[in-house]
Amino acid sequence: MELDETDRAILRILQEDARTPFSEVARRIDMSSATVHDRVSRLEEAGVIRGYHADIDPKAVGHGVGAFVGLRVEQGREEDALERLRGIDGVREIHLTTGEWDVILRVVAADTDRLRELMFERIAETEGFSRSQTMVILGTDYEQPGPPL
């Protein structure tokens, strides 16, 4: 789908605050609410807008520790290993990468004891990985949701 500048303007507004009423979006880009509604519907149908999500603070819901985990996958075991990772509570993201690690996970846990359990009793026991490295997140200085528009 080819995006024009109006589509990009709508996306920027919704990316900043997905709860912005169409009437407000329309006012800000000088368009009718009906036109904004039609464009957003078209963006949703095309898969450009994949959903609307609340940005929840992990610490506020009991997940005060985060980490990145680099994993080396045993050759020929990728799909089975990735499928098992998807089922582990605490694994929030799975990224296939190049370089030293084949897979990088972002995980969350209540505290360092729970992180240790997650790493040694769940992830390390998952077949198909030959090596791992855990990097605990001490803080997040900058985080920008969504792609640049």
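**Exercise 1. Determine how α1 and α2 pack, and which residues form their contact.**

Solution. Step 1: in this predicted model, helix α1 spans residues 5-16 and helix α2 spans residues 22-29; helices (H or I, at least four residues) and strands (E, at least two) are DSSP runs, numbered from the N terminus. Local features need pLDDT of at least 70, side-chain atom pairs count only at pLDDT 80 or more, and totals for chains, interfaces and linings use all residues; residues are numbered from 1 along each chain as its sequence is written, and side-chain values use heavy atoms, with hydrogens and water left out.

Step 1: the two helices pack at an angle of about 130 degrees, and their axes are 10 Å apart. Axes are lines fitted to C-alpha atoms, for helices over the stretch in contact, and angles run from 0 to 180 degrees between N-to-C directions.

Step 2: α1 and α2 are therefore oblique to each other (under 35 degrees counts as roughly parallel, over 145 as roughly antiparallel, 65 to 115 as roughly perpendicular, the rest as oblique).

Step 3: the contact (heavy atoms within 4.5 Å) involves Thr6, Ala9, Ile10, Ile13, Leu14 and Glu16 of α1, together with Val25, Arg28 and Ile29 of α2. By class, the contact of α1 with α2 has six nonpolar, one polar and two charged residues (Ala, Val, Leu, Ile, Met, Phe, Trp, Tyr, Cys and Pro count as nonpolar, Asp, Glu, Lys and Arg as charged, and the others, Gly among them, as polar).

**Exercise 2. Describe the packing of α1 and α3.**

Solution. Step 1: helix α3 covers residues 33-45 and packs with α1 at an angle of about 85 degrees, the axes being 11 Å apart. Step 2: α1 and α3 are therefore roughly perpendicular to each other. Step 3: Thr6, Asp7, Ile10, Leu11 and Leu14 in α1 meet Arg39, Val40, Arg42 and Leu43 in α3. Step 4: the residues of this contact divide into five nonpolar, one polar and three charged.

**Exercise 3. Describe the packing of α2 and α3.**

Solution. Step 1: the angle is about 105 degrees and the axes of α2 and α3 lie 8 Å apart. Step 2: this makes α2 roughly perpendicular to α3. Step 3: from α2, Phe22, Ser23, Val25, Ala26 and Ile29 meet Ser33, Val36, His37 and Val40 of α3.

**Exercise 4. State how the chain is divided into domains.**

Solution. Step 1: domain 1 is 5-46 and domain 2 is 58-137, with bounds from an automatic or database domain assignment. Step 2: the C-alpha centres of domain 1 and domain 2 are 37 Å apart.
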